Amino acid sequence: MKKYTYTESKDTRSGFGAGLAELGRTNPNVVALCADLIGSLKMEKFIEENPNRFFQIGIAEANMIGIAAGMTVGGKIPFTGTFANFSTGRVYDQIRQSVAYSDKNVKICASHAGLTLGEDGATHQILEDIGLMKMLPGMTVINTCDYNQTEAATIAIAEHEGPVYLRFGRPVMPIFMPKYTDVNNENKFEIGKAIQMTEGTDVTIVATGHLVWEALQASEKLEEMGISAEVINIHTIKPLDDAAILKSVAKTGCVVTAEEHNVLGGLGESVARVLAENNPTPQEFIGTNDTFGESGTPAQLMEKYGLNAESIVKASKKVIARK
Amino acid sequence: MEIKELENIVFQTRRDILRMVHKVNSGHPGGSLGCTEFLVALYNEVMELKEGDFDMDGTNEDLFFLSNGHISPVFYSVLAHRGYFSKEELGTFRLLNSRLQGHPTTHEGLPGVRMASGSLGQGLSVALGAAQAKKLNGDNNLVYTLHGDGELQEGQNWEAIMYAAGKNVDNLIATIDFNGQQIDGPTSEVLPLGDLEAKFKAFGWDVLHIKEGNNMEAVVNGLNEAKARTGKGKPVCVLMHTIMGNGVDFMMHTHAWHGKAPNDEQLANGLAQNPETLGDY
């Protein structure tokens, strides 16, 4: 089985900052908007290099979404930046009418998603945003797993015509995905294309965001137990790569989904729909279970709410027994 | 365009509004009739518009965003008479598979519409974005908006009002349809708006009134005055005093016709008050 190692760790939001800075240099139509969280979103470099293309909106997220929608009239490609909670739930109707229904080319970039925001607690730890955004017609939903993937995704969504929700997080995480370079577009991020991380025969683990690393750790533990796990990195939750999931499950016969999100409305339910329609399969869901989060360190929270490699190992054994 | 010519379009637009809402027994005639002079003046006299095919970006022409999307009948009629689409299409208003949805949308590709509206309070933010994009593009044209007065109860407006002045968005003219009415009754009873002029001024806007918002000459002069005040560092607000239901006597001075269609007899009565000047659709 392929092993993933790392030499460096960084937060995914810094990958967003790096990707945005790169877009500042290469795409004159890209503009950035922020609702008083420049440092948290790592937007400093873009602002330093492109002061005229940055718009500080103040603490007014609804206005930010509207302004972003309006800027597309005139050919701009706006990237909005704030925490995931304030990027979605707070401004749902603004996104629904002014962005999604109006077919506007806005990139809603959301940091500090999920429990790993940590000590600030449940007011800021949104666990419902994937569900909210995937229900909007025409919205692309992406949740990246490490610095490199976030950087590559940020660059890729500028080329995609249409509204995108890009979800990433606060904590420092291992960098295990290859770095995008513009030489030959090497390691280019492909929206809607699942990445098979390991080959396996006993269980498919479909993971997104920070849970991809946990799934890889789980697959190594499972291997020690003689269980062969196939890990799929499903950065794009909508449109979902149905074919990749069906192909893997045809081989393994069972699936575990893993996400830093409520199991109601998340990636797991999207996978379940694909399987129910095409190939009904035993499935276990790793995610929060219809609950709010709370204060704590990211690691403590991931353990308490069962969002780590340990839980994925247990779920894998359970789902294999159900075959 | 001569005032008389503009008034002729107003008569026809009122007829269109009445016939559109009557046919489908739904829609919003009251606010539409109150803003007819404004929209006719805007599209036929005040705004600089490019001829030829509609393009979404609207570079090097003035833009208009309708925030109070429920007055779609007047918007559609004015767009049709200005040539964005055929006036025969007005007959599809609110019907299944129509581009003329109950509230305006870009979703069906109707020329002339750049943003969906209907859920209130979002239009000013969108207009701000379009206005700032114009500045980035070195485009000196203006952005116009229309908002209901009751709509100002939505909080997002005040985020946008603060931003517009704070960021010197001075290529924007926001007009408030100041008719004092909303669905549940007079604004003074539902939720008093207070002194709107003082509020906009306190936020840093340049404010002017059009005292007779249903007098074509007053509307044209007021909008030209507003235009003259752009480019001076402040966004411009026009408080346009109108009469809901204007031009159809039994619909005037009441909120009763906010979202109600006339019956056959009422339609005939309303049409009799407004001569067919440009041909019914």
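Okay, let's start at a proline: Pro239(A) sits in the loop of chain A that runs between β12 (236-238) and α10 (242-252). The peptide bond joining Lys238(A) to Pro239(A) is cis, with omega at about -5 degrees.

Quick housekeeping before I go on. This is a predicted model, where local features need pLDDT of at least 70 and side-chain atom pairs count only at pLDDT 80 or more, while totals for chains, interfaces and linings use all residues. Residues are numbered from 1 along each chain as its sequence is written, chains are lettered from A and ligands numbered from 1 in the order in which they are written, and side-chain values use heavy atoms, with hydrogens and water left out.

Now, chain A as a whole. There are 13 helices and 14 strands in it. The radius of gyration of chain A is 19 Å, close to the 20 Å from the globule rule for 323 residues, so chain A is as compact as a globular protein of that length. That radius is taken over C-alpha atoms, and the rule is 2.2 Å times the number of residues to the power 0.38. Along the principal axes, the C-alpha trace of chain A spans about 55 × 40 × 40 Å.

How much of chain A is buried? Of its 323 residues, 64%. Buried means under 20% relative accessible area, exposed means over 50%, and partly exposed is in between, with a 1.4 Å probe and protein chains only. As for contacts, meaning heavy atoms within 4.5 Å, take those in chain A with a separation of 6 or more: 79% come from residues 24 or more positions apart.

On to the UniProt record, whose positions are in the numbering used here, with shortened feature names and annotations that may be inferred rather than shown by experiment. An unreviewed entry puts "domain: Transketolase-like pyrimidine-binding" at residues 10-175 of chain A. That stretch of chain A is 42% helix and 20% strand, and its end C-alpha atoms are 7 Å apart.

Asn185(A) isn't a glycine, yet has a positive phi of about 50 degrees. Asn185(A) lies in the chain A loop between β8 (172-174) and β9 (195-196), and counts as partly exposed at 34% relative accessibility. Over in chain B, Arg94(B) has a positive phi of about 65 degrees, again not a glycine. Look for Arg94(B) in the loop between α4 (72-81) and α5 (123-136) of chain B.

Methods. Helix = DSSP H or I, 4+ residues; strand = E, 2+ residues; numbered from the N terminus.
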